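Biologist: Could you take me through one part of this chain in detail? I would like a close look at the nonpolar core and at what surrounds it.

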Amino acid sequence: MILQLVVTIALSQAVRSRVDDQDPKSQCLWWPENSQIQLKFSADGNPLTPGETEFDGLAAALATWQTQLSACGNLTLTQGPRTPTRKVGFFEKQTNEDVAVFRLRRCSEIVPPGDTCGGADNCGNQFDCWQHQEAAIAITTTSYNPTTGRILDSDIEFNSPTFTFSTVDSPVCLSGALSTNCVATDLQNTTTHELGHLLGLAHSPSTSSTMSYRANPGELSKRVLDADTAQFVCDAYPKGRPSQTCFLPPVSPQLGKAAPGCGAAPGGLLIAIAALLLRKKAPLK
Ligand SMILES: [Zn+2]
């Protein structure tokens with residue numbers, strides 16, 4: 001007689017960002033325990049969104065994560081004062097803020113041909129424009145120590161030239177009639193996902209995850225943290241304990257930069273996110 005034992009193992013679909021997302025042996029990215037992360041919204045907001053509702057959408061996404069962090073986490077993520085800063089990235093010997101910025105123009109349309117903006121992917125900062133791939137809804141740029149994985153700075157940019165960021169709860173916009181009066185690209189939905197990147201999550205292979213890289217027009221489901229994404233907070237940032245790395249980190253003063261991007265074309269086409277991951281830079285000296 002042959003006994004068959006079927007073992008079902010529930011694997012978490014939450015995937016942590018790493019120093020090299022292509023290398024599972026590289027260190028995970030993490031904020032130290034007791035970090036008080038303050039995300040500052042660019043005071044300019046998004047002029048394309050009615051009133052100041054964009055700030056409400058951003059704040060609602062922050063509150064969702066803070067609720068989970070309060071339940072089982074070891075750090076806080078709250079809204080800081082609005083800031084005039086529109087610069088993303090980490091700059092040594094400067095004051096670095098974690099900011100959320102709506103880019104209103106495409107770099108491809110305003111940066112003079114041949115202008116490299118001093119290199120280092122700096123056209124977005126220099127010309128205050130969207131320098132990333134057009135199909136990405138938003139992008140989170142995280143700067144970290146490439147040896148320890150410790151996050152130093154994380155900023156969110158929104159692709160306003162291409163996407164209609166709405167803040168209403170219903171109805172879903174009709175195809176081809178996107179506006180801010182209906183659910184087009186929901187800002188809270190987008191921001192909740194980006195804040196997962198800010199905290200050290202990569203994209204999940206689960207299409208129902210908050211961290212799925214795809215978002216169709218009209219989507220609201222990512223406003224809520226799925227179970228695996230919520231559990232990431234408890235696992236990586238356990239309340240009353242140190243933040244969990246993937247292995248013991250050595251110490252290095254060098255810095256690196258990661259930029260997980262995410263998006264879907266207005267028609268809902270899949271975007272190869274790997275193209276964005278190639279933006280990752282060699283560590284800065
Ligand atoms: Zn993403």
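Modeller: Happy to; what follows starts with the model itself, moves to the core and its helices, and ends with some loops.

This is a predicted model, in which local features need pLDDT of at least 70 and side-chain atom pairs count only at pLDDT 80 or more, while totals for chains, interfaces and linings use all residues. Residues are numbered from 1 along each chain as its sequence is written. The pLDDT, which is the predictor's confidence in each residue on a scale from 0 to 100, averages 85 over the chain, and 83% of the residues score at least 70. Residues 250-260 have a pLDDT below 50, and beyond near neighbours in sequence this stretch has 43 contacts in the model. For residues 264-285 the pLDDT also stays under 50, with 36 contacts beyond four places in sequence. Here two residues are in contact if their C-beta atoms, placed from the backbone, lie within 7 Å.

The chain has 6 helices and 10 strands. These are DSSP runs numbered from the N terminus, with helices (H or I) of at least four residues and strands (E) of at least two. Of the 285 residues, 44% are buried. A residue is buried if 20 or more other C-beta atoms lie within 10 Å of its own, exposed if 12 or fewer, and partly exposed in between, with C-beta atoms placed from the backbone. Among contacts between residues at least 6 apart in sequence, 68% join residues at least 24 apart.

Now to the part you asked about. A nonpolar core is a set of buried Ala, Val, Leu, Ile, Met, Phe, Trp, Tyr and Cys residues joined through C-beta atoms within 7 Å. The largest one here has 44 residues, and the members that touch the most others are Leu-62, Leu-77, Ala-100, Leu-195 and Leu-201. Two or more residues each come from β1 (36-41), α1 (53-72), β3 (98-103), β4 (138-144), β5 (151-159), α4 (187-198) and α5 (227-236). The largest share, 5 residues, is given by α1. As a general background, nonpolar side chains tend to be buried together in soluble globular proteins. Leaving aside neighbours within four places in sequence, Ala-100 contacts Leu-39, Phe-41, Ser-42, Leu-58 and Ile-156.

Let us follow α1 to its helix partners. The axes of α1 and α4 come within 8 Å and cross at roughly 40°; axes are lines fitted to C-alpha atoms, for helices over the stretch in contact, and angles run from 0 to 180 degrees between N-to-C directions. That makes α1 oblique to α4, given that angles under 35 degrees count as roughly parallel, over 145 as roughly antiparallel, 65 to 115 as roughly perpendicular and the rest as oblique. From α1, Glu-54, Gly-57, Leu-58, Ala-60, Ala-61, Leu-62, Thr-64 and Trp-65 meet Leu-187, Gln-188, Thr-191, Thr-192 and Leu-195 of α4.

With α5, α1 packs at an angle of about 45°, the axes being 9 Å apart. This pair is therefore oblique as well. The contact joins Gln-68, Leu-69 and Cys-72 of α1 to Ala-230, Val-233 and Cys-234 of α5.

On the strand side, look at Asp-155 in β5. Asp-155 is counted as buried because 27 C-beta neighbours lie inside 10 Å. Apart from neighbours within four places in sequence, Asp-155 is in contact with Val-88, Gly-89, Asp-98, Val-99 and Thr-141. Arg-86 is 69 residues away along the chain, yet its C-alpha atom is separated from that of Asp-155 by 9.8 Å.

Finally, some loops. Asn-216 is in the loop between α4 and α5, and is partly exposed, with 14 other C-beta atoms within 10 Å. Asn-216 and Asp-186 are 30 residues apart in sequence and 9.6 Å apart in space, C-alpha to C-alpha.

Most residues other than glycine have a negative phi, and most peptide bonds are trans. Lys-93, in the loop between β2 (76-79) and β3, has a positive phi near 60°. Lys-93 is exposed, with 5 other C-beta atoms within 10 Å. Cys-117, in the loop between α2 (107-110) and α3 (123-127), also has a positive phi, about 60°. Cys-117 counts as partly exposed, with 17 C-beta neighbours inside 10 Å. The peptide bond from Ser-170 to Pro-171 is cis, with omega near -10°, and Pro-171 is in the loop between β6 (165-166) and β7 (185-186).
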